[in-house]
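Here is a short briefing for a first look at this structure. Keep the model open while you read.

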Amino acid sequence: MNDSANVFSETSPRNGSPLPPVRGTELVEIATIITLAHQAQSLWAERSIEARIEALTSFKGRLLDRGTELGKLISLETGKPEVEALLAEVLASAEVVDAWCKHISGWLEDEMVALDATSYPKKEAWITRVPRGVVAVIMPWNYPLALPLRTIVPALLAGNSVVFKPSEVTPRTGAILGELFQGLLPDGLFAVVQGGREVGTALVAAPVDLVAFTGSVASGRKVAAACAERFVPCSLELGGKDAAIVRHDADLDRAASGIAWGAFTNAGQNCASIERVYVHESVAALFLKKLVATVQTLRARDDVGPLTTQAQFNTVQRHFSEAVAGGAEVLVGGTSDGLYFTPTVLRVTDDSCAIVTEESFGPLLPVMIVASDDEAISRANASRFGLTGSIWTKDERAAERMAAKLRTGVITINNHSFSGAIPLLPWTGVGESGTGITNSHHALDHLTRPRAMLVDRNKAPRELWWMPYGAALEPIARSLLELKRPGSSLGAKLQALFVLLTHLPKRWRGLLPPKS
Ligand code: NAD
């Protein structure tokens with residue numbers, strides 16, 4: 001028995017209603033689950049790509065059939081408005097399946113490699129992508145359907161098996177994924193394990209071939225250390241402290257409403273939430289007026305849900321109180337009711353307070369005023385995190401120049417972070433935002449490994465470089481060196497060429513089969 005029986009959420013953050021109980025996975029069950037996943041994976045990898053696509057297409061149909069139910073459940077478990085769950089989770093996930101099914105064959109195709117026929121006579125080479133094997137997918141609670149599927153769908157299509165651990169806060173949404181795959185895949189190919197940190201730790205310690213982890217920096221660090229011990233590759237998608245830069249020439253109406261959405265969607269519980277704004281001093285007053293007016297129109301429950309957990313609420317409350325104690329001016333919000341914290345905009349001058357340096361993961365938006373683009377860039381870059389960032393301006397060239405200096409995985413101009421929902425664009429970060437890549441063919445660099453393949457159709461009994469080396473090989477090697485050396489004189493090159501032409505035939509003769 002592990003401690004997971006007690007770790008699951010029990011009431012809905014949205015309305016306090018009780019949530020059905022969940023059976024935790026016993027730690028002793030994990031070994032068998034992994035063994036079955038290995039067995040199923042070898043069968044699955046042998047299936048044609050068309051058969052794999054067919055299974056995932058059926059999965060998408062089932063997902064949409066249960067879309068309304070899923071929207072309600074996600075809203076109950078996380079607290080987010082149902083409309084957000086439908087748009088950002090159910091519909092976005094269907095799009096993920098469509099995009100991967102459309103592109104996977106091309107993205108998995110072998111890549112031919114041109115070989116120099118003089119150096120490598122009668123040889124053909126290519127690179128093929130091999131599935132990793134068993135992929136452990138460990139996920140957080142903030143997007144309990146969309147985030148797991150961004151990895152699970154391509155992992156399965158690429159020929160892997162998946163053992164998925166949903167967050168202990170959203171285990172019921174996780175369980176539905178298991179139901180949706182039921183009967184579509186070989187037994188054991190997709191398994192859901194339920195529990196908290198202890199089950200996650202056990203899964204990472206099990207004989208898996210890749211750990212795809214999304215979550216906090218603290219947990220990600222533990223996962224990375226455990227994987228490093230055993231040289232198991234891991235992909236880490238961690239926290240963020242995204243900055244939005246509002247230039248002097250920005251469309252302020254669009255910037256105000258876009259930044260309000262980027263900061264407060266999912267009640268700010270988004271790794272790529274806007275958690276810092278750097279606005280140019282020449283437009284700061286007007287921008288803030290428009291931003292505050294926009295935020296005042298947001299309705300609790302309908303637009304902005306509650307914080308999903310008490311721990312998250314406590315972090316938000318702490319960041320807010322410390323900022324106010326440090327002199328921040330509250331422009332709108334700052335109140336709470338149960339787990340509901342009102343969308344809050346503050347004017348902040350102290351870059352060292354937690355609201356500017358730590359991930360809040362809640363509806364807090366500190367705004368800082370800057371005198372230039374360079375100041376905005378250097379203050380935006382002064383963060384341990386580097387997930388996404390946005391630049392709001394009418395001057396695209398200027399934005400591209402600024403983007404080149406920003407230290408983030410994703411940059412959006414005149415919008416924020418929504419590219420995470422576009423399956424063809426890579427989602428990745430730098431620094432403490434992690435090393436993972438989801439979406440696009442780049443994700444396959446984690447989910448598969450490249451295998452070099454070479455076939456040699458040379459009928460000669462030996463290659464030039466094979467043993468025994470004989471007396472002719474050394475002068476050949478020295479001559480080649482002289483011919484390639486940049487500082488070699490014309491005379492030395494001619495001499496080397498002469499030696500090469502004299503010794504190569506001797507060497508070739510030595511490679512011929514002995515006369516019988
Ligand atoms: P968390 O780290 O507490 O938990 C994430 C998952 O890891 C859960 O399933 C948990 O049970 C498991 N876990 C915890 N400790 C573990 C360990 N030592 N070994 C193995 N598994 C372990 O994170 P959370 O509170 O659920 O999620 C919020 C965090 O996730 C935020 O920091 C957010 O920024 C980040 N996040 C990042 C992205 C991204 O794409 N970069 C997306 C969503 C969320």
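Val-162 sits in strand S4, residues 161-165. Helices (H or I, at least four residues) and strands (E, at least two) are DSSP runs, numbered from the N terminus. Val-162 is buried, with a relative accessible area of 0%. Buried means under 20% relative accessible area, exposed over 50%, and partly exposed in between, with a 1.4 Å probe and protein chains only.

The model is predicted: local features need pLDDT of at least 70, side-chain atom pairs count only at pLDDT 80 or more, and totals for chains, interfaces and linings use all residues. Residues are numbered from 1 along each chain as its sequence is written, and side-chain values use heavy atoms, with hydrogens and water left out.

**Around Val-162**
- Leaving aside neighbours within four places in sequence, Val-162 is in contact with Val-135, Val-137, Ile-152, Ala-155, Leu-156, Leu-189, Phe-190 and Ala-191. Contact means heavy atoms within 4.5 Å.
- Val-162 and Glu-359 are 197 residues apart in sequence. In space they are 30 Å apart, C-alpha to C-alpha.

**Helix H6**
- Among the buried residues of H6 are Pro-171, Arg-172, Ile-176, Leu-177 and Phe-181.
- The buried residues of H6 pack against helix H2 (49-65), helix H3 (67-78), helix H5 (146-157), S4 and strand S5 (190-192).
- Gly-183 follows H6 and has a positive phi, near 85 degrees.

**Strand S14 and its partners**
- In strand S14 (residues 364-370), 6 of the 7 residues are buried, so the strand is largely enclosed by the rest of the structure.
- Strand S9 (residues 274-280) pairs with S14 in the parallel sense over 4 bridges. Two strands pair if DSSP finds at least two bridges between them.
- Tyr-278 has Met-368 in S14 as its bridge partner.
- Strand S13 (residues 344-347) also pairs with S14 in the parallel sense, over 4 bridges.
- Arg-347 has Val-367 in S14 as its bridge partner.

**The S1-S2-S21 sheet**
- An open sheet is built from 3 strands in the order S1-S2-S21, with antiparallel pairing.
- Strand S1 (111-113) and strand S21 (448-456) are the edge strands, and each pairs on one side only.
- Neighbouring strands of this sheet are turned by 30 degrees against each other on average, direction ignored. Axes here are lines fitted to C-alpha atoms, for helices over the stretch in contact, and angles run from 0 to 180 degrees between N-to-C directions.
- Strand S2 (residues 123-131) is joined to S21 by 9 bridges, and the two run antiparallel.
- Pro-131 has Thr-448 in S21 as its bridge partner.

**Helix H16**
- Helix H16 (residues 473-484) has 12 residues and reaches 17 Å from its first C-alpha to its last, close to the 16 Å expected at 1.5 Å a residue. The expected span is 1.5 Å times one less than the number of residues.
- Leu-473, Ile-476 and Ser-479 are the buried residues of H16.
- Seen down the axis of H16, these buried residues fall within an arc of 125 degrees, so they line one face of the helix. The arc is that of the directions from the helix axis to the C-beta atoms.
- Arg-478 and Leu-481 are exposed on the other side of H16.
- The buried residues of H16 pack against helix H17 (490-511).

**Domains**
- The domain assignment gives domain 1 (33-238 + 441-451), domain 2 (242-424) and domain 3 (460-511). These bounds come from an automatic or database domain assignment.
- The C-alpha centres of domain 2 and domain 3 lie 65 Å apart.
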